Amino acid sequence: MKKCLLIGAGGMLGQYFSQCKLLESWEVLFHRGRTGDGLTANLSDIDQTYALLDKVEPNVIVNLVAATNVDECEKDPLYCYEKNVKVINNVVSWIQDKKSCSSPYLLNVSTDQVYERSGLGTVGREADVSPLNYYSYSKLLGECAASSVRGASIRTNFFGKSLHPARKSFSDWVYGRLVSGERFSVFEDVYFSPLSMLTLCRYLALIIEKQPSGVFNLGSRDGFSKAEFARVFAQLLGSSYANMESVSIDSKKGLIAKRPYDMRMDVSKFEDYFSIELPSLLEEVKTVVGDYR
């Protein structure tokens with residue numbers, strides 16, 4: 001049986017993927033960091049990385065290791081580098097040292113934050129990157145490292161009901177504010193095109209099976225502003241959003257890192273490769289609403 005190793009599987013997406021059981025013909029193994037169930041190792045240390053990968057000998061490695069707090073990455077670039085660049089450098093080094101015609105396939109999960117369209121009226125294509133902060137720069141560096149071995153990098157964003165005890169998704173955050181009744185603000189000028197975690201995990205499983213090469217955008221076919229997402233989510237829940245205020249990100253105080261205004265992605269490359277049509281964001285929101293009722 002072929003082995004698929006998820007590194008960084010203790011995060012929100014990894015926790016969700018581990019529950020989906022989408023790779024029935026594979027032995028799926030989970031690296032969850034330094035503590036917890038599953039395989040443990042500090043993958044920013046090259047010796048620990050080699051020891052783990054030598055032990056598992058995976059056919060596919062899925063990289064979910066990431067420092068994702070944008071402001072923390074801006075405050076601590078070294079920590080950002082260790083998580084988002086050094087880990088994948090170490091994994092790539094191990095793959096290259098295999099010197100085998102059947103070297104492992106590397107699926108690197110990246111981010112939509114490498115895009116910034118600034119009202120240009122178009123969506124980001126894979127070549128149109130415009131990183132604005134340490135986080136997005138580090139994810140691009142990780143993609144560059146991954147490109148030196150057989151594999152793919154997937155730029156994406158996701159939402160849905162988190163299975164992680166300490167991590168909440170954007171839809172979790174909106175739901176919590178709607179239920180609490182407390183007044184909250186959502187950005188009207190920040191756009192994105194995410195997928196539900198279930199849909200994303202299904203397509204990650206497809207990538208693992210088909211093993212394409214290159215960089216792909218993987219999101220919904222269209223996108224909303226974050227404020228529109230919250231309104232649509234509330235309407236589908238049958239919940240009032242009278243306590244929600246739509247504001248500009250420029251009015252937000254205390255942000256350390258510069259943020260992109262428009263992270264919507266052109267997903268035609270992915271659709272063409274797999275001969276599929278990705279869902280609209282409205283369709284995706286409808287798929288998760290039942291989880292919150």
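Lys226 lies over the face of Phe192, 5.1 Å from the ring centre. A charge counts as sitting over a ring if NZ of Lys or CZ of Arg is within 6 Å of the ring centre and within 35 degrees of the ring normal. The charged end of Lys269 is likewise placed over the ring of Phe216, at 4.8 Å from its centre.

This is a predicted model, in which local features need pLDDT of at least 70 and side-chain atom pairs count only at pLDDT 80 or more, while totals for chains, interfaces and linings use all residues. Residues are numbered from 1 along each chain as its sequence is written, and side-chain values use heavy atoms, with hydrogens and water left out.

**Aromatic rings**

A pair of aromatic rings is described by the distance of the centres and the angle of the planes. Rings of Phe, Tyr and Trp (its six-membered ring) pair if their centres lie within 6.5 Å; planes under 30 degrees apart are stacked, over 60 edge-to-face, and the rest tilted. A search of the whole structure finds 14 aromatic pairs. Two of them are set out here.

| Pair | Centre to centre | Angle between planes | Type |
|---|---|---|---|
| Phe229 and Phe233 | 6.2 Å | 25° | stacked |
| Phe233 and Tyr292 | 5.2 Å | 85° | edge-to-face |

Phe229 and Phe233 both belong to helix H8 (residues 226-237), where they are four residues apart, about one turn of the helix. Helices (H or I, at least four residues) and strands (E, at least two) are DSSP runs, numbered from the N terminus. Phe229 is buried, with a relative accessible area of 0%; buried means under 20% relative accessible area, exposed over 50%, and partly exposed in between (1.4 Å probe, protein chains only). Phe233 is also buried, at 0%, and Tyr292 is buried as well. Because Phe233 lies in helix H8 and Tyr292 in helix H10 (residues 281-292), their pair ties together parts that are 59 residues apart in sequence. One aromatic cluster includes Phe229, Phe233 and Tyr292, along with Phe192 and Trp173.

**The sheet**

Six strands form an open sheet in the order S2-S1-S3-S4-S5-S10, with parallel pairing. Two strands pair if DSSP finds at least two bridges between them. Strand S2 (26-31) and strand S10 (214-218) stand at the edges with a single partner strand each, so one side of each has no neighbour in the sheet. From one strand to the next, the twist averages 20°. Strands S3 (residues 60-63) and S4 (residues 105-109) run parallel and are joined by four bridges. Asn63 stands opposite Asn108 in S4.

**Nonpolar cores**

In soluble globular proteins, nonpolar side chains tend to be buried together. A nonpolar core is a set of buried Ala, Val, Leu, Ile, Met, Phe, Trp, Tyr and Cys residues joined through side-chain atoms within 4.5 Å. The largest core here has 38 residues, and those with the most contacts inside it are Val62, Ile207, Ile208 and Leu218. Helix H7 (residues 197-210) gives the largest share of this core, eight residues. Apart from it lies another core, of 24 residues, among them Phe159 and Phe229.

**Two positive phi values**

Most residues other than glycine have a negative phi. Lys21 has a phi near 50°, a positive value, and is found in the loop between helix H1 (12-20) and S2. Lys21 is exposed, at 62% relative accessibility. Gln211 has a positive phi of about 55° and is found in the loop between H7 and S10. Gln211 is partly exposed, with a relative accessible area of 23%.

Note on methods. Axes fitted to C-alpha atoms, helices over the stretch in contact; angles between N-to-C directions.
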